Amino acid sequence: MKKALIVSTAVFLLSSCGLYNKYERPSDINTTGLIRDLVSDTDTLRVNSDENFGNLPWRELFTDPQLQSLIEKALENNTDLRNAALNVKMMETALTVSKLAFLPSVAIAPQGTISKVQMDGASVSKTYQLPIAASWNLDLFGNLLSQKRSAQMQLLATKDYQVVVRTNIICGVANLYYTLMMLDEQLAIVTDMESLTKETWEMMKLQKDLGRVRSTGVQSAEASYYSVQAQAATLRQQIREMENSMSLLLNEAGHKIERGKFYNQSLPTEFAAGVGVQLLSNRADVHAAEMALAQCFYDVQTARSRFYPNITVTANAMFTNSLGTAVMNPGKWILSAIGSLTQPIFQHGQIVAGLKVAKAQMEQAQNTWQNTILKAGNEVSNALLAYNSNDEKSQLDAKQVKVLEQNVVDTRQLYASKGSSYLEVIQAQSSLLNARISKVTDDFNKMQAVVNLYQALGGGAK
């Protein structure tokens with residue numbers, strides 16, 4: 001009873017010193033008001049956790065079969081993801097080592113000796129030893145325990161990093177795929193305008209031959225035609241560069257990427273309300289930052305435990321036939337056990353300094369976690385804002401394109417009847433080209449905003 005009371009008292013005292021405490025999430029972390037409302041400058045969105053867009057499996061979001069094939073290939077071949085998986089294996093091995101530290105270490109070192117004495121009656125002496133030594137560190141002050149828990153937190157953070165890489169690959173492939181289709185659509189628009197500007201140039205040359213237009217008008221039309229051709233060349237270059245970037249994500253040499261049509265894509269369109277967000281659980285980088293904080297918490301406990309004694313029990317057993325000067329057969333067992341206690345008294349301030357450093361690192365980890373949470377909220381807000389802003393601009397672009405298409409037709413007809421100048425025709429065509437390009441760009445930005453929102457909510461992890 002007395003021994004049990006002593007043990008209970010010792011455990012209580014050690015727990016009060018923080019040596020056996022488990023990590024608990026700090027209460028002073030700010031997780032409110034992470035997502036700004038799309039209209040108000042002061043309110044924030046209130047969203048329901050059961051409607052989390054980030055929980056949607058990526059195959060249900062990206063339904064294009066060619067895009068799905070590219071994502072699957074990237075997840076299988078990407079070098080960064082392979083290295084992240086290897087990091088997880090290394091951390092699992094490190095955790096196994098920290099767990100095995102609780103077991104005693106055992107060593108065996110057999111020896112044998114043959115000696116011959118050259119005397120009148122020459123004799124041969126054979127001796128042997130079979131020593132076995134076991135050493136066990138009694139973890140009464142939580143040193144090994146805190147190291148094991150620190151390794152567990154590091155493993156969780158490494159797994160989170162693997163999820164982050166996976167999410168980045170999925171969304172990176174999707175963004176490049178939509179970029180390629182946007183460039184295809186813009187190239188089609190420029191090619192169509194190239195034909196129209198060439199027709200205008202030919203019309204100007206005919207009007208000049210009839211004496212209705214000066215040579216300056218023909219030159220302007222010709223220059224406009226070449227300008228459109230230059231835009232087409234730039235777009236073809238950008239398409240090749242994007243294909244090379246996609247190939248790199250697939251861990252392949254640059255090649256042509258098969259893809260669908262820009263306006264055949266199907267993505268969600270309503271995000272103004274009901275976008276669920278659980279940034280602390282869905283965002284792998286946010287969770288990894290918290291696991292880094294937890295790891296630092298246990299590192300502080302490890303630093304504290306170094307102030308306490310190190311207790312080691314060593315047991316030795318040896319089967320031998322050599323007992324000093326006597327040799328006997330068969331051999332006998334020799335057993336011994338030793339307990340040692342090492343209490344640090346003065347180590348040039350290293351233990352104190354180690355604790356101070358560990359506490360400062362834990363404070364840094366908490367600051368990093370807080371910043372990661374705020375950054376995650378900003379990314380969600382920016383993605384929502386980008387989607388709604390570009391959706392509004394796309395609708396205005398559509399109206400502008402419709403007006404300018406009619407303007408080009410009317411201007412060409414007026415020019416043919418001498419009701420307008422050649423400058424008006426060229427200006428109308430240029431305005432229409434820019435409006436069409438802007439429409440495609442804004443529609444692409446909407447697609448990209450959906451992908452970025454999915455990524456900001458931790459999408460692709462499931």
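**The helix pair and the pocket**

Reply: H4 and H5 are roughly antiparallel to each other, a label given to angles over 145 degrees. Helix H4 covers residues 79–100 and helix H5 residues 143–209, and their axes cross at roughly 170 degrees and come within 9 Å. Helices here are DSSP runs (H or I, at least four residues) numbered from the N terminus; axes are lines fitted to C-alpha atoms over the stretch in contact, with angles from 0 to 180 degrees between N-to-C directions. The contact of H4 with H5 has 11 nonpolar, seven polar and six charged residues; Ala, Val, Leu, Ile, Met, Phe, Trp, Tyr, Cys and Pro count as nonpolar, Asp, Glu, Lys and Arg as charged, and the others, Gly among them, as polar.

The model is predicted, with local features needing pLDDT of at least 70, side-chain atom pairs 80 or more, and totals for chains, interfaces and linings using all residues. Residues are numbered from 1 along each chain as its sequence is written, and side-chain values use heavy atoms, without hydrogens and water. Mean pLDDT (the predictor's confidence in each residue, from 0 to 100) is 81 for the protein, and 83% of the residues score at least 70.

H5 also belongs to the helices that each supply at least two residues of the lining of the largest pocket, together with H8 (284–305), H9 (350–416) and H10 (422–456). H9 gives the largest share, five residues. By class, this lining has six nonpolar, seven polar and four charged residues.

Technical notes. Angles under 35 degrees count as roughly parallel, over 145 as roughly antiparallel, 65 to 115 as roughly perpendicular and the rest as oblique.
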